[in-house]
Amino acid sequence: MDEAVTALGQDEDAKLLAGGQSLVPMLNLRLARPSVLVDISFLPTPPAHYDAEEHAVVVPATTTHAGLMAQALVLEQAPLLRECLPLIGHAAIRNRGTMGGSLAHADPSAELCLAAVATGAEVVTLAPDGGRVVAFSELVEGTFITGLRTDEIITEVRWPAHSTHGAAYEEIALRAGDFAVVGVATLLHLDREGMIDAAALGISGLAGVPLRLGECEQALIGRRPDDVLFADVASEAARAGSPVSDIQGSAEYRRALAAELTRRALSRALRRAREPGLVPNAPDDRGAE
Amino acid sequence: MSTSDVTVHFIVNEQAVQITVEPRRLLADVLRDDLGLTGTHLGCEHGVCGACTVLVDGAAVRSCLMLAVQVDGRTVRTVESLAVGTELHALQQAFHDAHGLQCGFCTPGLLMAALALEGSPPLGEAELRDQLSGNICRCTGYANIVDAVRAWLDGHQR
């Protein structure tokens with residue numbers, strides 16, 4: 001990784017290549033014309049691990065989505081990752097695409113980007129000056145734009161551990177595996193009386209970047225979870241951002257999706273919070289109420 | 001800075017090969033043009049259609065999204081590895097029996113995507129379809145393809 005940073009610093013038109021699932025299409029379409037490609041896909045990737053002291057799941061940036069999906073024990077600590085990883089693209093894409101690559105690319109509809117914003121996940125970077133630790137939500141600056149410098153590489157991603165939370169990720173795409181039109185990520189935790197004492201809620205598709213809905217989170221905390229509460233929060237969530245109308249749908253459609261998907265996500269997260277042993281995201285369970 | 005050619009050593013269909021290519025060349029193009037393995041097809045060249053699917057170290061990948069230099073030291077398997085002479089592989093026979101192909105353009109990619117499922121734990125209907133969803137077919141409407149792969153997987157697990 002140190003050599004990669006040096007190589008990136010030597011040429012301002014150098015680009016980092018990891019899984020290539022976002023960069024190589026751009027090369028093929030001649031949308032990107034780097035002078036040099038610095039290939040880190042060869043580097044051995046250590047397994048992800050749960051850091052009990054930091055109460056975080058630490059994932060090396062070159063971990064492929066498929067590689068992380070295979071680490072079941074680690075994913076017990078990061079149930080939102082377990083929910084959203086199978087939704088990324090298709091199997092062949094998951095075999096090559098990496099977590100660092102997905103976050104650095106900052107596609108506004110990307111599952112890992114929304115999950116990172118919703119959970120407050122942090123990225124650790126390597127740079128000539130040493131690097132930094134920064135929340136991904138602070139690193140994202142716009143659509144496909146992050147604050148990463150050209151010679152700065154994400155080396156690992158730290159996800160807050162949520163093993164006792166119920167997690168859910170809902171999205172709608174025109175076809176399975178297409179980029180989501182709207183996505184919703186949520187985590188709920190219940191206290192001993194069954195009241196919500198922690199909540200995370202994020203949404204993609206309503207703005208140029210994934211949004212964390214702090215006000216909706218506050219509206220959930222301290223409340224007894226039920227359909228009325230969830231419907232209210234879903235309406236509130238749908239009013240966030242300022243969605244555009246495009247070929248995938250109108251702004252009104254996006255808001256309608258946001259409300260419905262938020263409602264479904266909260267319901268599913270509640271079921272999971274109440275039954276931690278429930279098999280996560282079984283394909284036949286997706287969208288089922 | 002000029003791009004100097006890179007020598008790549010890898011295994012294709014159980015044969016060791018060594019080629020020297022420009023780093024910008026795609027794996028799909030090198031398989032087709034340099035190694036004559038034209039069974040791997042190019043449909044979209046930007047990772048959407050799956051016609052270019054091959055196995056790298058046993059995992060399905062889109063060969064139009066890999067640079068040839070990235071398979072150095074790896075094992076690649078293409079559709080040419082299935083049949084032995086004129087004798088069809090059981091998976092190909094299943095496609096034939098279920099009428100899972102018409103024009104055949106998407107077929108190599110689907111065969112390799114299905115092959116990647118060999119040895120996996122039993123798949124439910126939705127899971128099987130999900131695993132094949134990365135390949136687009138313009139002709140068949142997919143039902144016979146799913147039937148073919150199901151028949152082949154069931155035959156394996158017996």
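A polar contact here is a pair of N or O atoms within 3.5 Å; within protein, one must be able to donate a hydrogen and the other to accept it, and residues adjacent in sequence count only if both atoms are side-chain atoms. This is a predicted model, in which local features need pLDDT of at least 70 and side-chain atom pairs count only at pLDDT 80 or more, while totals for chains, interfaces and linings use all residues. Residues are numbered from 1 along each chain as its sequence is written, chains are lettered from A and ligands numbered from 1 in the order written, and side-chain values use heavy atoms, with hydrogens and water left out.

Between chain B and chain A there are seven residue pairs in polar contact, both residues at pLDDT 80 or more. On the side of chain B that touches chain A, 13 residues are nonpolar (Ala, Val, Leu, Ile, Met, Phe, Trp, Tyr, Cys and Pro), six are charged (Asp, Glu, Lys and Arg) and six are polar (the others, Gly among them).

The rule finds one salt bridge across this interface, meaning a side-chain nitrogen of Lys or Arg within 4 Å of a carboxyl oxygen of Asp or Glu. D130(B) forms a salt bridge with R94(A), with 3.8 Å between the closest N and O atoms.
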